[in-house]
Amino acid sequence: MRRYFARKLITYGITFFAAVTVDWAIPHMMPGDPIAALVGRLGVQDQATADALYRSFAKAFRQDIPLWKQYFYFWQSLFHGDLGISIMQFPTPVTTLISRSAPYTLSLLIPAILLSWYVGNKVGAMAARRKGLDNTVLPISYLLTATPYMWLAILLAWLFAFIWRVFPIGFAYDATMQKGWTWAFIVNLLYHWFLPFLTLFLVSLGGWAIGMRNMIIYELEADYSHYLEALGAPRRLVRKYAFRNAMLPQITGLALSLGAILGGALVTEIVFSYPGLGFQIFRAISNKDYFVIQGIFLFIIIGTLVANFIIDIAYVLVDPRTRIGMQGGQA
Amino acid sequence: MTEKAKSTAKRTTGKTSEKSDAPVTPAASDIPSERRAKKAAVTSTGMGNAREMVYFAIRNRKLVIGLIIVVFFALFAIFGPYFAQHKPLAYTSPPGHAPTLSHGNYFGTDYTGRDIYAQFVGGLRLLFEVGLIGGSIAAVIGMIVGFTAGYKAGYVDEILTMITNVTLCLPVFAVILVISSYMPVKGVVTEAIFIGSISWPWAARALRAQTFSLTSREFVSLARLSGERSWKIIFKEIAPNMSSYLFMMFILLFGGAILIAATLDFIGLGPSGTMSLGQMLQYAVSGSALVLGLWWWFVPPGLAIMLIVGGAYFMNVGLDEVFNPRLREM
């Protein structure tokens, strides 16, 4: 088990290192001189002034020191929790922006991931090898996984916010609301939260249902299932064992699906103008607010790695073989 | 897991990590397909029984329906633009008009008076381009890494597996987003290269496991003994034995690339000077199509993406059943 975690942690360590390096390197590898561009944008006519400006900007952005030192300083400020300052919303630190918007994204992502996983598994397990149900569940699931998040978001917004006007659209709560832990405010929050949540939930539901359905069919073909059947075990019991075995790949699948649903959350927030990280990064991209892009990217990486690690722990808890270092330990 | 799969997994991995084989594409949590395909590759003797395959293929409803959908849209993408009476980006029609035949605006017009039909068929072309190029690049990288790691074993395998796992941990979309926000995408090909070069890891991992299990088979040992070169063994002995699987893998990569491209385009990181389906959705949202109720602007692009990618996945399941007798409906 120690070996299992050691391996995982090494992988995550390298991933983090690579991600930070990419995050740092991309602006530096960019063709063109960003500082010259900045000076150029100011439109200074006098050459001497322009040169002086260039030098002071270079100093301010620490561009006048060797590259390896810049890289070192990047790590240093990272460990001090300093991700720079937003250019667009000057002088808000990027960390403040992130801590302001991250709760909204997480409140969408975590329930959507867990619920879709749970419901999808149940639905998929029910549909496997039951012809009637399978013929409806499978096509619907495939269409759901093939749906672009933003399109479903647009459709839901159009249907429920513009045609039937059941749900509000835009922002996390009504502008007229008084912020605070009152019932009215919480209900209002939930109202605004529901449609983006539903989008994420539905799209990822399909994938889990398909995965579980296929796994169950596979497990029902396994030797132990045939043996149980031959012993005269009731169908339900066999399916129960199949379900428990089919669960394991679904748990690891959870880690692999994080990237996709995260991308989904970003675009869903944009459609609903929901003030989470996706909305923030969208604004940063359209305004070329690079520190914010860099910061949010790092935050996403760290979040994904932490989630991966939690899933690893869950896997150890669920699969006893990992604990005694048997073959499942490589999982 | 069956005993066979388990034992291969055990031999394959040694100490390396073998998560499930789930494709990481947004699309496909078609987790066991690799394992099942592995079985297919092992049980069926290559493509020898082609006639039997065709027999089951044309009787497989999923495969046929999926194929019809994809082919329909492919034909639409090829011939559709010839029927467009306007240019996709030209403001030549009455703005915000519902679908009509009178001005040749079969799908209506957008808020600024551009023809939706022209945008749609042009977007379909871009979609197939991104899917095919991005999917191919990812498939090639996945094959190189997967074959090499599975065949060579040892240090090479350790290093390649580590690279694969690291890339797999990175949230694909976030990485592409950051890269393309600094380096503006010039064209569809650039975008497809970005997408292809980051979405290969699950394919590499799946192929590695398969290659490993085939490497220990007699015919491969024979080829080795007879002094064949490694790459020849890989492409003459190993690859043909999983040709069905390679094809299915490409379908999933194709669908995944389309979805990633659509999402990127929607955020505004798509190629400039084009109108892809994702960009249509972006303009529909920013052009307040929702408020104005211009449903013909935002329904077709998303619907097409959903049907094409869904149709591709359907083909994938159907093929899986064709190649793997155990999965055929009884």
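Of the 331 residues of chain A in this predicted model, 38% count as buried. Chain A is built from 13 helices and has zero strands, and among its contacts between residues at least 6 apart in sequence, 69% join residues at least 24 apart.

**Nonpolar core**

- The largest nonpolar core holds 174 residues, and the members that touch the most others within this core are Ile154(A) and Ile258(B).
- Once neighbours within four places in sequence are left aside, Ile154(A) is in contact with Val271(A) and also with Leu281(B), Val285(B), Leu290(B), Phe298(B) and Gly302(B).

**Packing of helix 5 and helix 8 in chain B**

- Helix 5 of chain B, covering residues 116-152, packs against helix 8 of chain B, covering residues 188-196, at an angle of about 40° and with the two axes 8 Å apart.
- Helix 5 of chain B and helix 8 of chain B are therefore oblique to each other, and helix 5 of chain B passes helix 8 of chain B in a right-handed crossing.
- On the side of helix 5 of chain B, the residues that meet helix 8 of chain B are Leu126(B), Glu129(B), Val130(B), Ile133(B), Gly134(B), Ile137(B) and Ala138(B).
- From helix 8 of chain B, the residues taking part in this contact are Val188(B), Val189(B), Glu191(B), Ala192(B), Ile193(B), Ile195(B) and Gly196(B).
- Sorted by class, the contact of helix 5 of chain B with helix 8 of chain B comprises 10 nonpolar, two polar and two charged residues.

Technical notes: Residues are numbered from 1 along each chain as its sequence is written. Chains are lettered from A and ligands numbered from 1 in the order in which they are written. This is a predicted model: local features need pLDDT of at least 70, side-chain atom pairs count only at pLDDT 80 or more; totals for chains, interfaces and linings use all residues. Axes are lines fitted to C-alpha atoms, for helices over the stretch in contact, and angles run from 0 to 180 degrees between N-to-C directions. Helices (H or I, at least four residues) and strands (E, at least two) are DSSP runs, numbered from the N terminus. Angles under 35 degrees count as roughly parallel, over 145 as roughly antiparallel, 65 to 115 as roughly perpendicular and the rest as oblique. A crossing is left-handed if the near helix is turned anticlockwise from the far one by less than a right angle, and right-handed if clockwise. Two residues are in contact if their C-beta atoms, placed from the backbone, lie within 7 Å. Ala, Val, Leu, Ile, Met, Phe, Trp, Tyr, Cys and Pro count as nonpolar, Asp, Glu, Lys and Arg as charged, and the others, Gly among them, as polar. A residue is buried if 20 or more other C-beta atoms lie within 10 Å of its own, exposed if 12 or fewer, and partly exposed in between; C-beta atoms are placed from the backbone. A nonpolar core is a set of buried Ala, Val, Leu, Ile, Met, Phe, Trp, Tyr and Cys residues joined through C-beta atoms within 7 Å.
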